[in-house]
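These are my notebook entries on a single structure. I set down what I looked up, in the order in which I looked.

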Amino acid sequence: MAKETLRLESFDPYDLWSTAIGVKIREQYYNGKLIGKVGAITLGVLDWLTPTITRSLTGAQPKAYPIVIAHEILRLHQLGQLNDQLASTLFFQLTESAAESPEKTDYSWGLGFSWMSKNGLYPDTIPFVTHTPYAMEALLVLSSYPSVNEKAMQTFLNTWGFLESLRTMYQSDNQLALSYAPIDEPRMVINANSYAAFAYALHAVHGHKQNRRYALDKVKKISQWIIEQQHDDGSWDYYADKDPGNFIDCFHSCFVIKNLLKVQNLLPEISTSSQAAISKGWKFIQTRFYDDESKLCRRFIVKQIKDPYVWDLYDQAEYLGLLIEFNEIEKARHFDKHVCASFSNKNDWYCKLDIFGLKRGQNFQRWGIAPFKLARSKLFTEKGEA
């Protein structure tokens with residue numbers, strides 16, 4: 001078991017886009033330059049048709065991504081397969097994958113590679129509020145294992161500095177929106193703030209006592225801001241604005257619901273304000289993203305990009321997780337079986353299905369595979385699946 005579960009390195013859908021040329025192409029693309037559009041199409045086609053050759057030519061290497069390590073810790077613990085020795089090994093891997101910090105005692109996690117987005121360039125040393133909470137959850141799990149009990153708990157406590165380093169992008173008497181990373185950013189990201197609310201909720205319950213009331217206040221204000229961004233139909237945009245490039249997709253929508261649910265579980269008093277938004281959002285996801293004919297979840301409702309992929313495992317992973325959280329176990333069982341048949345072949349998993357129905361992204365763990373395996377572990381154990 002130990003040898004199998006420690007093979008966490010994998011290639012990734014963003015291998016080519018995190019290279020120097022990939023970053024430059026994306027920058028030119030977001031600036032509306034023709035060379036950027038041509039470059040994006042060329043690199044995208046190469047990645048689609050010749051992924052292995054292209055990665056070899058660009059020197060891409062498989063990596064153990066921070067979020068995959070965190071998911072594996074949570075999955076093995078959920079299945080009862082995480083022993084004291086393995087907990088120690090994975091704790092070391094998790095802390096080694098942490099982002100650089102100006103303070104030696106601060107801990108946070110990011111993508112693990114450079115990324116050019118609509119918000120600008122995020123170097124590989126920058127931590128994200130969308131990634132750090134998974135590591136925080138993993139650290140709390142690891143703190144129950146004697147070999148790393150004190151170290152894991154102290155590392156969790158040391159994530160406080162990262163949360164406090166996030167920029168305030170909007171603030172009123174009862175609302176708050178923070179940045180995606182501890183840098184100046186032009187646009188507010190809604191799902192990122194749901195992660196911030198969850199991270200502060202973890203500190204409101206498990207953090208230093210002197211920080212708990214303050215953390216609770218942050219949770220309430222961030223949650224209220226998220227609720228205010230919801231459309232009447234239950235949907236959330238990716239960005240909290242109407243500027244070009246905005247979109248509504250499945251797995252980011254699921255993230256918002258998932259994190260609001262986690263906040264409620266930690267702090268039941270929050271449910272008074274958030275339950276209606278959760279119910280409305282879940283209804284939107286079920287009615288607009290789930291496709292009865294294919295029995296899979298669509299990628300987008302509002303889309304700004306074109307690519308050759310029709311279905312994405314990440315959407316299915318997050319939808320499965322929500323089915324379990326909402327106790328729709330029979331639906332979850334049927335959905336799980338159909339997703340497995342669509343995205344796996346024997347021991348191999350794939351992240352995407354293209355326009356020809358071909359499986360793509362073989363064993364690219366970070367993009368949907370690790371999250372789907374974690375959701376399945378909950379189906380097999382917590383909810384009584386045989």
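**Entry 1: helix 8.** I began with helix 8 (residues 149-157), where Ala-152, Thr-155, Phe-156 and Leu-157 are buried. I take buried as under 20% relative accessible area, exposed as over 50%, and partly exposed as in between, with a 1.4 Å probe and protein chains only. Helices (H or I, at least four residues) and strands (E, at least two) are DSSP runs, numbered from the N terminus. I then looked up what covers these side chains: the buried residues of helix 8 pack against helix 6 (84-96), helix 7 (132-142), helix 9 (160-165) and helix 10. Contact here means heavy atoms within 4.5 Å.

**Entry 2: basis of the model.** I note that the model is predicted, that local features need pLDDT of at least 70 and side-chain atom pairs pLDDT 80 or more, and that totals for chains, interfaces and linings use all residues. Residues are numbered from 1 along each chain as its sequence is written, and side-chain values use heavy atoms, with hydrogens and water left out.

**Entry 3: helix 14.** I looked up the span of helix 14, residues 313-325. Its 13 residues reach 18 Å from the first C-alpha to the last, close to the 18 Å expected at 1.5 Å a residue. The expected span is 1.5 Å times one less than the number of residues. How many residues of helix 14 are buried? I find 12 of the 13, so that the helix is mostly covered. Among the buried residues are Asp-315, Gln-316 and Glu-318, as well as Leu-313, Leu-320 and Ile-324. At the start of helix 14, a side-chain oxygen of Asp-312 comes to within 2.8 Å of the backbone nitrogen of Tyr-314. After the helix comes Asn-327, with a positive phi near 60 degrees.

**Entry 4: salt bridges.** I counted as a salt bridge a side-chain nitrogen of Lys or Arg within 4 Å of a carboxyl oxygen of Asp or Glu. By this rule there are 19 salt bridges. Side chains of opposite charge can pair when their charged atoms come close.

I looked up Asp-12 and Arg-366, whose side chains meet in a salt bridge at 2.7 Å, N to O. Asp-12 lies in the loop between helix 1 (2-5) and helix 2 (20-30), and Arg-366 in helix 16 (residues 365-380), so the pair ties together parts 354 residues apart in sequence. Are the two partners buried or exposed? Both Asp-12 and Arg-366 are buried.

Next I turned to Asp-241 and Arg-187, which form a salt bridge at 2.7 Å, N to O. Asp-241 is in the loop between helix 11 (209-229) and strand 5 (248-249), and Arg-187 in the loop between strand 4 (176-178) and helix 10 (190-206), so this pair ties together parts 54 residues apart in sequence. I found Asp-241 buried, and Arg-187 as well.

I also looked up Arg-333 and Glu-330, joined by a salt bridge at 2.5 Å, N to O. Both lie in helix 15 (residues 329-343), three residues apart, about one turn of the helix. An α-helix has 3.6 residues a turn, so residues three or four places apart point the same way. Arg-333 is partly exposed at 22% relative accessible area, and Glu-330 is partly exposed at 46%. Salt bridges with shared partners join Asp-15, Asp-47 and Arg-55 into one network.

Entry 5: Most residues other than glycine have a negative phi. Lys-346 lies in the loop between strand 10 (344-345) and strand 11, and is exposed at 80% relative accessibility. Asn-363, likewise not a glycine, has a positive phi of about 60 degrees. Asn-363 is in the loop between strand 12 and helix 16 and is partly exposed, with a relative accessible area of 23%.

**Entry 6: His-71.** Which residues does His-71 contact, leaving aside neighbours within four places in sequence? I find Tyr-134, Ala-370, Pro-371 and Leu-374. His-71 lies in helix 5 (residues 66-79) and is buried, with a relative accessible area of 4%. The C-alpha atoms of His-71 and Ile-257, 186 residues apart along the chain, are separated by 19 Å.

Note on methods: A polar contact is a pair of N or O atoms within 3.5 Å; within protein, one must be able to donate a hydrogen and the other to accept it, and residues adjacent in sequence count only if both atoms are side-chain atoms.
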